[in-house]
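Good morning, and thank you for coming. Please look at the sequence and the model on the screen while I speak.

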Amino acid sequence: MLTPLETRLASQKDNLNDPCYVKNQTFLTGLKEYITAAKNIFFPQLCMPCGQKILRGYLCAECQGKIVFLSPSLCRYCALSIDKNLNQVCKGCAGKIHPYDRLISVTVYKEPIVSLIYLFKYKNYDYIAELLASLMQRHLLKIGFDACGYHFITSVAMHKHKLKMRGYNQADILAKLLSNYFKIPFKNDIINDTNIRSSQTKLTLYKRQKNVKDAFIVKKDLKNKRIILVDDIFTTGATIRSCCQALKNKGAEIITVLTLSKTQQAKILA
Ligand SMILES: [Zn+2]
Ligand SMILES: [Zn+2]
């Protein structure tokens, strides 16, 4: 079943293929602007995290300015700020075995990102994905991330029961939008989440790791495949590591993990 976001994207795509639609665009754009202006007078749009009135978009300038982006130099495994060094590895990650080759987290997990992720994940505001994915895309371009050479983009899988309850996998939606931006294929049939487990949120580091150990199954042969794995938040990395291990076990050559956000106290498990 299509999510509301997917339905909107699909209808947008159909419209662009229709010549009448294209011909009527100038008139419709003018009409749309007029309707939007009238709508804004009676039903002003509100900034999603703070509720302030805004003219367009999802965020007021103040909330936009509060977003903290994670910029280099960062540890390649935990995205911790480090002094520039040859291997881009912090002391905590050095000498440990990591099931992925690089982690890029785009923002620090603090307001307004906390509220946006909450609305996106738990309140069915799945259309916020467009804003979140574009924040990711712009930052990735800014730091010089090159998506060429990757075979596909995928996301941290969600167990089918959880997917049924929530209706969508937020990581899937972000990955799909990023695959459009970067023009590399999106695949969501690679990883299977086989384990119904309690939420990771309140568990200790050790329990988180145990909770997701062997949770993910990859059936396809991924020999020599270079993969981008997307998730919304990097906390301890327990889920992401488990996912990456399953991909590596099937031969994945390179895995780059992209997350929208990283908790400030993120402590990596290895
Ligand atoms: Zn605001
Ligand atoms: Zn590190």
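This is a predicted model: local features need pLDDT of at least 70, side-chain atom pairs count only at pLDDT 80 or more; totals for chains, interfaces and linings use all residues.

The protein chain contains 10 helices and eight strands. It has 270 residues, of which 34% count as buried. If we take the contacts with a separation of 6 or more, 74% of them are between residues 24 or more positions apart.

Let us now consider helix H8, which covers residues 170-182. From its first C-alpha to its last, H8 reaches 18 Å, close to the 18 Å expected for its 13 residues at 1.5 Å a residue. Is H8 enclosed or open? Since 10 of its 13 residues are buried, H8 is largely enclosed by the rest of the structure. The buried residues are Gln 170, Ala 171, Asp 172, Ile 173, Leu 174, Ala 175, Lys 176, Leu 177, Leu 178 and Ser 179. Just after the helix comes Lys 183, with a positive phi of about 55°.

Which residues does H8 use to meet helix H6? In general, two packed helices are described by the angle between their axes and the distance between the axes. Here, H6, residues 129-142, packs against H8 at an angle of about 50°, and the axes are 9 Å apart. H6 is therefore oblique to H8. The crossing is right-handed. On the H6 side, the contact involves Ala 129, Glu 130, Leu 132, Ala 133, Met 136 and Gln 137. On the H8 side, it involves Ile 173, Leu 174, Leu 177, Leu 178 and Tyr 181. Sorted by class, these are nine nonpolar residues, one polar and one charged.

One further residue belongs to this part of the talk. Tyr 127 lies in the loop between helix H5 and H6. Along the sequence, Tyr 127 and Ile 173 are 46 residues apart, yet their C-alpha atoms are 9.3 Å apart in space. Tyr 127 has 16 other C-beta atoms within 10 Å, so it counts as partly exposed.

H10 is mostly covered, with 10 of its 12 residues buried. Among them are Arg 241, Cys 243, Cys 244 and Leu 247. After H10 comes Gly 251, whose phi is positive, near 100°.

Finally, the backbone details. Most residues other than glycine have a negative phi, and most peptide bonds are trans. Where are the cis peptide bonds that I wish to show you? One runs from Pro 72 to Ser 73, with omega near 10°. Ser 73 is in the loop between helix H4 and strand S3. Another cis bond joins Glu 111 and Pro 112, with omega about 5°, and Pro 112 is in the loop between S3 and H5.

Two asparagines have a positive phi. Asn 124, with phi near 65°, sits in the loop between H5 and H6. It is partly exposed, because 14 other C-beta atoms lie within 10 Å. Asn 224 also has a positive phi, of about 65°, and is found in the loop between strands S6 and S7. With 10 other C-beta atoms within 10 Å, Asn 224 is exposed.

Thank you for your attention.

Note on methods. Residues are numbered from 1 along each chain as its sequence is written. Chains are lettered from A and ligands numbered from 1 in the order in which they are written. Helices (H or I, at least four residues) and strands (E, at least two) are DSSP runs, numbered from the N terminus. The expected span of a helix is 1.5 Å times one less than its number of residues. A residue is buried if 20 or more other C-beta atoms lie within 10 Å of its own, exposed if 12 or fewer, and partly exposed in between; C-beta atoms are placed from the backbone. Axes are lines fitted to C-alpha atoms, for helices over the stretch in contact, and angles run from 0 to 180 degrees between N-to-C directions. Angles under 35 degrees count as roughly parallel, over 145 as roughly antiparallel, 65 to 115 as roughly perpendicular and the rest as oblique. A crossing is left-handed if the near helix is turned anticlockwise from the far one by less than a right angle, and right-handed if clockwise. Two residues are in contact if their C-beta atoms, placed from the backbone, lie within 7 Å. Ala, Val, Leu, Ile, Met, Phe, Trp, Tyr, Cys and Pro count as nonpolar, Asp, Glu, Lys and Arg as charged, and the others, Gly among them, as polar.
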